[in-house]
Amino acid sequence: KMKFKVHVADKTYEIEVGEGTQTVAWLGLMGCQLYGKEAYPKGNYVPTMVKTFIIKSVGNHTLRNEVTPHPQRRLKKAFKEGEEVYVTIKDRSKASTTQEKDWYERAFGKKRHTMKLKIECHQNPKLTTEAYTSIFVHFKYNMFEELQQEFPRQKPNETYKLEFQKTADDLVTEIVIEIPFGHISGF
């Protein structure tokens, strides 16, 4: 059974999650529920983000990198067994950050059933010429049937033809799109 140490404000809870098939957002809600029972004032608290930190030692320095997994990601894929997880709660006296608003939308709002697809094209500098103009990617996408009512404008079995956009590195181009969960094929 998986177990996590969940930090919410000034409290810490050990939460068992069985096989870890619940989502990151679920763990945030459980932490907030436990916190709401003993915090002052008591009540229902809402997570605005769930994150962890990867700590690495490099020479004499310790690096602490924040990792914020997608709120719909399964716990067993997002975190390691026993990892410490930090839940931030809504502070009504302050405006939410852009990152907190985005996380909340992905956890509980309109973006909760969407995925971000990033496709990169790395060009060989020896083969790149001045004649290079555009690179396209074609693929078929089929949204999961149970999401049809939530995203009615999405066509079933849609074919995409997208043009890569240049990045700061002229040899790398990329496409980033956000679409409802579904199957992708035909690259």
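Helices here are DSSP runs of H or I with at least four residues, strands are runs of E with at least two, and both are numbered from the N terminus. Everything below comes from a predicted model, where local features need pLDDT of at least 70, side-chain atom pairs count only at pLDDT 80 or more, and totals for chains, interfaces and linings use all residues. Residues are numbered from 1 along each chain as its sequence is written, and side-chain values use heavy atoms, with hydrogens and water left out.

**View 1. A five-stranded open sheet runs in the order β2-β1-β5-β3-β4.** Its pairing is mixed; two strands count as paired if DSSP finds at least two bridges between them. At the edges sit β2 (11–18) and β4 (61–67), each pairing on one side only. From one strand to the next, the twist averages 35° (axes are lines fitted to C-alpha atoms, for helices over the stretch in contact, and angles run from 0 to 180 degrees between N-to-C directions).

**View 2. Here's how β3 meets β4.** Strand β3 (residues 47–58) pairs with β4 in the antiparallel sense, over seven bridges. Look for F53: its bridge partner in β4 is E66.

**View 3. Two helices pack on the sheet.** Helix α1 (residues 24–38) touches β1 (2–8), β2, β3 and β5 (84–89), where contact means heavy atoms within 4.5 Å. The direction of α1 makes about 135° with that of β2. Helix α3 (residues 98–108) touches β3, β4 and β5, and its direction makes about 115° with that of β3.

**View 4. D102 forms salt bridges with R106 and with K111.** A salt bridge here is a side-chain nitrogen of Lys or Arg within 4 Å of a carboxyl oxygen of Asp or Glu. For D102 and R106, the closest N and O atoms are 3.2 Å apart. These two are four residues apart in helix α3, so about one helical turn separates them. R106 is buried at 8% relative accessible area, while D102 is partly exposed at 28% (buried is under 20%, exposed over 50%, partly exposed in between, using a 1.4 Å probe and protein chains only). The D102 and K111 side chains meet at 3.1 Å, N to O, and K111 is partly exposed too, at 29%.

**View 5. R112 and E150 meet in a salt bridge of 4.0 Å, N to O.** R112 lies in the loop between α3 and β6 (114–122) and E150 in the loop between β7 (136–143) and β8 (158–163), so the pair ties together parts 38 residues apart in sequence. Both are partly exposed, R112 at 29% and E150 at 30%.
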